[in-house]
Amino acid sequence: MDTTRPIVIAHRGASGLRPEHTLASYALAIEQGADFIEPDLVPTRDNVLVARHENNIADTTDVADHPEFADRRTSKTIDGVTATGWFTEDFTLAELKTLRARERLPQLRPDNAAYDGLFEIPTFAEVIALARGHNVGVYPETKHPTYFASIGHPTDALVLADLTAAGWNSADAPVFIQSFEIDNLKRLHTQTRVRLIQLIDADGAPADGAAPSYAAMATPEGLRAIAEYAHGIGPNKDMIRKGDAVPSRLVADAHAAGLKVHPWTFRAENFFLPASLRHGIDPRAHGDIQQAIARVLELGVDGFFTDFPLDGVQARDRFIAGR
Ligand code: G3P
Ligand code: CA
């Protein structure tokens with residue numbers, strides 16, 4: 001793939017068009033021209049990484065319809081947030097494979113719900129194999145790495161094991177590893193040459209307590225500290241330009257620190273767009289996502305996450321053609 005141009009990262013696959021984190025979602029993203037597909041990763045009881053945004057699978061699978069798993073329903077507090085449901089670490093991979101995915105946002109994305117019940121939960125190894133077979137990269141995010149390590153699931157080691165098995169544990173592999181935590185990325189920096197991306201949210205602080213706030217991490221001083229171990233940052237796009245407001249200095253400051261910048265997440269529905277880019281008033285209707293992406297490309301970002309990879313590719317290619 002061409003990494004000299006801004007990269008299109010398919011967020012949870014083509015998750016605007018298929019239930020997220022399914023091979024069907026990733027395959028459509030590849031078909032639409034994405035450069036990278038993004039799996040969020042959580043472990044099973046038998047320490048296999050699978051693609052889910054949360055370890056609680058109540059909202060994105062049909063687990064509630066499986067009476068054989070009714071007694072696995074429980075409540076857990078993870079990174080200070082209590083959730084009730086069914087959790088991947090309480091299931092073997094074989095058990096998870098009996099479940100089927102469901103659309104996370106059926107009210108905003110009713111067409112996607114037509115695919116409910118069709119697709120399995122994929123393993124990270126299956127996602128890598130799909131990407132390898134189509135000459136695209138993977139952009140994995142380990143969710144809650146400190147929490148999972150504390151209960152006996154070393155997810156960052158599992159990521160490296162899967163990448164090594166695929167021959168993709170190297171600096172030139174088409175891989176970025178991302179995390180909202182800091183200390184795990186610093187450890188990974190000593191264990192692998194794979195490029196690392198520090199995620200930064202618009203509010204709050206990393207769950208591992210390794211920085212006082214994300215805001216502090218986004219200052220010129222904070223960015224220089226990140227550059228000691230990471231290849232780039234993955235900021236909430238609002239930190240670059242919130243809605244229709246004046247852009248911040250974040251892209252320039254990150255580039256000055258030697259960091260690449262990959263903001264997240266661009267979505268087509270009016271519900272997610274700034275007022276000036278909406279088409280009509282239906283929150284489900286699609287507005288001008290390509291213009292939203294063009295705005296950050298003009299600020300110099302090196303890539304971006306989107307639920308709609310085809311819009312991402314078209315916006316990126318139009319930007320390059322006009323440059
Ligand atoms: O990883 C970039 C972006 O995906 C972070 O947000 O919550 O969608 O994983 P989330
Ligand atoms: Ca993610």
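Mentor: The model is predicted. Begin with K143, where an N or O atom of the side chain lies 2.7 Å from an oxygen atom of ligand 1. Taken alone, ligand 1 exposes 280 Å², and the protein buries 91% of that.

Trainee: What makes the K143 pair a polar contact with ligand 1?

Mentor: The cut-off is 3.5 Å between N or O atoms, so the 2.7 Å pair of K143 and ligand 1 counts. R12 also has a side-chain N or O atom 2.7 Å from an oxygen atom of ligand 1. For E38, a polar side-chain atom is 3.1 Å from an oxygen atom of ligand 1.

Trainee: Which residues are around ligand 1, and how are they classed?

Mentor: Among them are H11, H53, Q178, W264 and F305. By class, the shell has four nonpolar, three polar and five charged residues. The space that ligand 1 takes is the largest pocket.

Trainee: Which residues coordinate the calcium ion (ligand 2)?

Mentor: E38 (OE), D40 (OD) and E141 (OE) do, at 2.2 to 2.3 Å. The cut-off for Ca is 3.2 Å, so these atoms count as donors. Along the chain, the donors follow the spacing E-x1-D-x100-E.

Trainee: Why is the site of the calcium ion (ligand 2) called irregular?

Mentor: The angles among its six donor atoms run from 59 to 159°. In an octahedral site, angles between donors that are not opposite must lie between 65 and 115 degrees.

Definitions and conventions. Residues are numbered from 1 along each chain as its sequence is written. Chains are lettered from A and ligands numbered from 1 in the order in which they are written. This is a predicted model: local features need pLDDT of at least 70, side-chain atom pairs count only at pLDDT 80 or more; totals for chains, interfaces and linings use all residues. Side-chain values use heavy atoms; hydrogens and water are left out. A residue is near a molecule or strand if one of its heavy atoms lies within 4 Å of it. A polar contact is a pair of N or O atoms within 3.5 Å; within protein, one must be able to donate a hydrogen and the other to accept it, and residues adjacent in sequence count only if both atoms are side-chain atoms. Accessible areas come from the Shrake-Rupley method with a 1.4 Å probe; for residues, only the protein chains shown count as cover. On a 1 Å grid over the protein atoms alone, a cavity is a set of points where a 1.4 Å probe fits but cannot get out, and a pocket is an open set with protein on both sides within 12 Å along at least five of seven lines; lining residues have an atom within 4 Å of a point. A molecule sits in a cavity or pocket if more than half of its atoms lie within 2 Å of its grid points. Ala, Val, Leu, Ile, Met, Phe, Trp, Tyr, Cys and Pro count as nonpolar, Asp, Glu, Lys and Arg as charged, and the others, Gly among them, as polar. Donors are N, O and S atoms within 2.8 Å of the metal (3.2 Å for Na, K and Ca); water is not among the atoms, so sites may look incomplete. Four donors count as tetrahedral if all angles lie between 85 and 135 degrees; four count as square planar and six as octahedral if opposite donors are over 155 degrees apart and all others between 65 and 115; anything else is irregular.
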